[in-house]
Amino acid sequence: MPTPIPLRRLSIMGALLSVVLCLGILPALGQEDEDPANDPIPGAEPEITVTDRGTVQMHVSDVPLSTVLQLLSVEGQRNIIASPSVTGTVTASLYDVTFEEALAATLHANNADYRSAGKFIYVYTHDELALMEQAANPPFTRVFRLSYINAADAQEYLTPLLAEGETITVSPPPATGIGTSTDDGGGNDSASQAFIIVTARRETQERIEQVLSEIDVRPRQVLIEATILRAALDDNNELGVDFTFVEGVNFQILNAASKGLTNLDLGDLPADRLDKCNAIAQTEFTQNISPGGLTIGIIKDNIALFIRALESVTDTTVLANPKVLALNRQRGQVIVGRRDGYLTTTVTETQAVQTVEFLETGTQLIFRPFIGEDGFVRVELHPEDSVGFVNAQGLPTKQTTEVTTNVIVEDGHTILIGGLFREVTKDSRSQIPLLGSIPGIGQVFRSNVDNTSREEVIILMTVHIVKDHDRYAALSTEQWENIERMRVGLRQGLMWHGRERLAQLHYRKALEAFSTGETDKALWHSNMSIHNNARLLPAIELKEKIMQERIWDTDGTSIRSFIPRLLADERGVPFAPFARPIPESPQTELAEQPADEDDD
């Protein structure tokens, strides 16, 4: 049975209601407010409900965020605690969403978020959450050692991953270049491995570690094999006829002389023949013909005829096959040739400076590969094959065949980089006018020189992407062993009685005797081997093994062993270099003798 309301309270409430109606605070019963702007509560009354399935329906318009959070807490029966900094209003209509979706959408619109801890839901602004995360996850320092990329590149790649207050420090760069100057030795440059020092939070450190694992990897390599073929063919055909005819005198009167009937030298005309009528006709066409070949000479009375003919064929083939292994995107160069020095002079207003320049000739290959992921390689390439010299005046002259190009080649394939075929035909004829053009006998009054030069240059290139480094290492070892076989073969071709061959012979016999247990015989052959070649180290080692002691001798100086002796003294160990015996000091025992009473 409900408790009755006291009459005094009813009378007070009635009086208050009358005052309110009189002042016009509340509208008349049943009368609708036609102007919503006069309503002190903007918009409709907030409506937030939670269904039996746990979904939320929300209809609010310009409602303070604190009110919405309170209604969500009550309707959803959740413990929500908001920070005093969380402010704002909410205008939303949500249908059939989860409690977490409704809470997240409400907070997101007001630059806030929530964190769950046990049975409580804490609401903070984004700035407060950032400060909390920084306090819970402070920055720490970690060193990342780099294997293949330099520290400056790593810093450039990783800087965009850093958050505010996080830093990257890089190791100093190494000295670049390999020069021959004494000032190019590196000095006090760092010799440690490249590294970066990262001061950042755990999430950033993990991202940096992941990125480095993908970019700091072993670079790929290519093996470039170039074949440069230069073939030159010169075909010369020369024919010349010298004809000498003397009218009125013969060659004997003129004191003519001939060198093996290859030419004719005439002396002075005698004085008693000067008043006679004399005539001479002479040609010198054989002087156009190169020495060698066939020479025919006929001298009779006052007529001399010499024929010289030469046909020469010169076939020259130059084959260069340089090979070089290089890293991806790195410049490679190989030069097989010579350098000829020449002086250059630079003249200024005050002085003249002379410097030495070098003319490089031979076979050169300069390239830079760019390996693709599809099995193709783009190569910047400059092959060159040249010859040259420096003349007596110090001026260089160079004849070269070279190509500069960019090509794309598939792994293991060979392409033609450049090809040149050139043919020059030269026909030279020297003759006496009219007489040399007479058919048949005209050949007596002329000489012919025919020259044909053909030159062909072919440049081929094969690119191999190195995939199996172990296989290439094995092939390199095999090549080294083949070179050793050739070296041994050349040495075995020396005369058997030479000191080197005798030393090798005795050493092999010493090994055979030692393997069969004949130590005396092995020692004798070892001594004979060392006698013939005192620097044959295997024979010296075998002798020490047979004698079971080191062969040593003093060097007669203290400076050579000064530092090792000093280090041995500091460590407190005996100084015995090369297993030499340590000289023992004689132990002098001082006997105690009774004092003589007469001695003071």
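1. Angles under 35 degrees count as roughly parallel, over 145 as roughly antiparallel, 65 to 115 as roughly perpendicular and the rest as oblique. Axes are lines fitted to C-alpha atoms, for helices over the stretch in contact, and angles run from 0 to 180 degrees between N-to-C directions. Helices (H or I, at least four residues) and strands (E, at least two) are DSSP runs, numbered from the N terminus.

2. This is a predicted model, in which local features need pLDDT of at least 70 and side-chain atom pairs count only at pLDDT 80 or more, while totals for chains, interfaces and linings use all residues. Residues are numbered from 1 along each chain as its sequence is written, and side-chain values use heavy atoms, with hydrogens and water left out.

3. Helix 8 (residues 499-515) and helix 9 (residues 519-532) have axes that come within 8 Å and cross at roughly 160°. The two helices are therefore roughly antiparallel to each other. Their crossing is left-handed; that term applies if the near helix is turned anticlockwise from the far one by less than a right angle, and right-handed applies if clockwise.

4. Contact means heavy atoms within 4.5 Å. Between helix 8 and helix 9, the contact residues of helix 8 include Leu 502, His 506, Tyr 507 and Phe 514, and those of helix 9 include Ala 522, Trp 524, His 525 and Met 528. The residues of this contact divide into nine nonpolar, six polar and three charged. In this scheme Ala, Val, Leu, Ile, Met, Phe, Trp, Tyr, Cys and Pro count as nonpolar, Asp, Glu, Lys and Arg as charged, and the others, Gly among them, as polar.

5. Helix 9 also packs with helix 10 (residues 537-547), at an angle of about 150° and with the axes 9 Å apart. Helix 9 and helix 10 are therefore roughly antiparallel to each other, and the crossing is left-handed. Among the residues that meet are Leu 523 and Ile 530 in helix 9 and Ile 540, Leu 542 and Met 547 in helix 10. By class, this contact has eight nonpolar, four polar and one charged residues.

6. Helix 8 passes helix 10 in a left-handed crossing. Tyr 507, Ala 510, Leu 511 and Phe 514 in helix 8 meet Pro 538, Ala 539, Leu 542, Lys 545 and Ile 546 in helix 10. The contact of helix 8 with helix 10 comprises eight nonpolar residues, no polar and one charged.

7. On a 1 Å grid over the protein atoms alone, a cavity is a set of points where a 1.4 Å probe fits but cannot get out, and a pocket is an open set with protein on both sides within 12 Å along at least five of seven lines; lining residues have an atom within 4 Å of a point. Grid points are joined across faces, edges and corners, and a volume is the space filled by probe spheres set on the points.

8. A search of the whole structure finds one cavity of 30 Å³ or more. The largest cavity holds about 40 Å³ of space. Its lining includes Arg 230, Asp 385, Gln 399 and Glu 455. Strand 17 (376-390) and strand 18 (396-402) are the elements that give two or more residues to this lining.

9. The volume of the largest pocket is about 640 Å³. Of its 17 lining residues, the closest to the centre are Ile 149, Ile 215, Pro 219, Asn 328 and Arg 329. Helix 5 (151-158) and helix 6 (202-215) are the elements that give two or more residues to the lining.
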